[in-house]
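Please read them alongside the structure.

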Amino acid sequence: MINGKKVLYSGMQATGSLTLGNYLGALKNWVTLNEEYECFFGVMDLHSITIRQQPAHFRKCARNLFALYIAAGLDPVKNCIYYQSHVSAHAELGWILNCFTYMGELNRMTQFKDKAAKHSDNINAGLYTYPVLMAADILLYQADYVPVGKDQQQHLEITRDIAERFNSIYGDVFTIPEGYYGKSGANIRSLQNPSKKMSKSDENPNGSIYLMDAADEVVRKCKRAVTDSGNEVLYSEDKPGVSNLLEIYSACTGKSIEEAEKEFEGKGYGEFKLAVAETVNAVLVPMQKEFERLLQDKGYLDGIIKDNDEKARYFANKTLRKVRKKVGFTDILH
């Protein structure tokens with residue numbers, strides 16, 4: 001508990017460009033969580049280097065992500081938005097927890113297998129122990145809740161296992177986190193292959209709408225989005241393309257799927273796709289303007305980064321000091 005509130009922790013990797021799926025599926029729903037929880041949202045740049053990064057581009061991506069968090073509506077005073085790499089406790093606790101994690105547990109991580117297949121020329125130890133660093137991220141802040149999707153469920157489970165193992169040896173050190181299953185984010189799929197989620201690493205650039213896409217680019221991508229047989233705008237398992245566009249329209253407008261279906265009753269796919277594009281642009285254009293304003297105000301952004309990094313370090317080091325004492329490390333002399 002911090003300030004009488006339970007703690008919620010999440011973050012995104014500082015690579016690539018965020019998609020509409022990232023926003024509607026997660027970021028949009030983070031905005032109001034601070035009313036009920038003490039929230040920490042990381043720019044997860046330590047995790048990002050499991051894949052080789054071009055340094056200058058990487059730094060730009062990390063700063064852009066920080067600014068996007070704010071442009072999307074996260075209040076940097078009510079939420080702690082910070083750089084993971086600016087808090088050295090993440091790496092230190094990650095190493096300590098490596099010594100309390102079993103090889104068999106890591107061998108079962110399906111995301112490692114998936115990523116290793118995609119990056120067969122760089123299967124590094126960091127990629128393998130990625131879930132342990134993720135556990136450190138969560139446990140450092142004594143998080144009660146972590147928003148998770150299906151692809152992150154395994155990571156939450158191993159975090160709980162590590163925390164329970166450590167606590168069984170040393171006493172009540174870590175809060176055992178639970179999955180946050182509040183208002184679920186929209187499940188946005190690829191515009192070109194609705195069987196796959198919209199991803200910033202999609203090899204087909206037409207499959208994803210990026211948060212920085214120009215308005216005419218959004219229109220073009222929506223017009224090219226795959227649809228299904230027939231011409232009715234209905235949400236159905238046998239209409240994955242149309243259903244995906246309905247999900248997007250519903251999430252952007254706040255209307256229910258049923259309301260959207262009624263709105264486009266008797267209208268064709270062309271008119272429907274254009275309406276989807278217009279409602280997406282109604283969300284993205286104001287966000288893009290605020291993003292650009294923030295990047296221009298270097299002093300403000302640097303000040304927010306400094307303040308939030310200090311807040312994150314305070315709470316992270318509070319936990320780390322307890323862990324160091326429990327495992328028997330010599331006190332740091334100042």
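**Charged side chains**

1. Asp302 counts as partly exposed, its relative accessibility being 29%. The model is a predicted one, and the values here should be read as such.

2. Asp302 pairs with Arg63 in a salt bridge, with 2.9 Å from N to O. Because Asp302 belongs to helix 14 and Arg63 to helix 3 (residues 55-71), this contact ties together parts that are 239 residues apart in sequence. Arg63 is also partly exposed, at 22% relative accessibility.

3. A second salt bridge joins Glu105 and Arg165, whose closest N and O atoms are 2.7 Å apart. Glu105 sits in helix 5 (residues 103-107) and Arg165 in helix 9 (residues 153-170), so parts 60 residues apart in sequence are tied together. Glu105 is buried, with a relative accessible area of 8%; Arg165 is buried as well, at 18%.

4. Within helix 14, Lys306 and Glu310 lie four residues apart, about one turn of the helix. They form a salt bridge in which the closest N and O atoms are 3.0 Å apart. Glu310 is partly exposed, with a relative accessible area of 40%.

5. Which residues gather in a patch of positive charge on the surface? They are Lys318, Arg321, Lys322, Lys325 and Lys326. Of these, Lys318 is found in helix 14 (residues 298-327) and is partly exposed, with a relative accessible area of 47%.

Note on methods: Residues are numbered from 1 along each chain as its sequence is written. This is a predicted model: local features need pLDDT of at least 70, side-chain atom pairs count only at pLDDT 80 or more; totals for chains, interfaces and linings use all residues. Side-chain values use heavy atoms; hydrogens and water are left out. Patches are made of residues with over 30% relative accessible area and no salt bridge: like charges are joined within 9 Å, nonpolar side chains (Val, Leu, Ile, Met, Phe, Trp, Tyr) within 5 Å. Accessible areas come from the Shrake-Rupley method with a 1.4 Å probe; for residues, only the protein chains shown count as cover. A salt bridge is a side-chain nitrogen of Lys or Arg within 4 Å of a carboxyl oxygen of Asp or Glu. Lys and Arg count as positive and Asp and Glu as negative; His and the chain ends are not counted. The place of a charge is taken as NZ of Lys, CZ of Arg, CG of Asp or CD of Glu. Helices (H or I, at least four residues) and strands (E, at least two) are DSSP runs, numbered from the N terminus. Buried means under 20% relative accessible area, exposed over 50%, partly exposed in between (1.4 Å probe, protein chains only).
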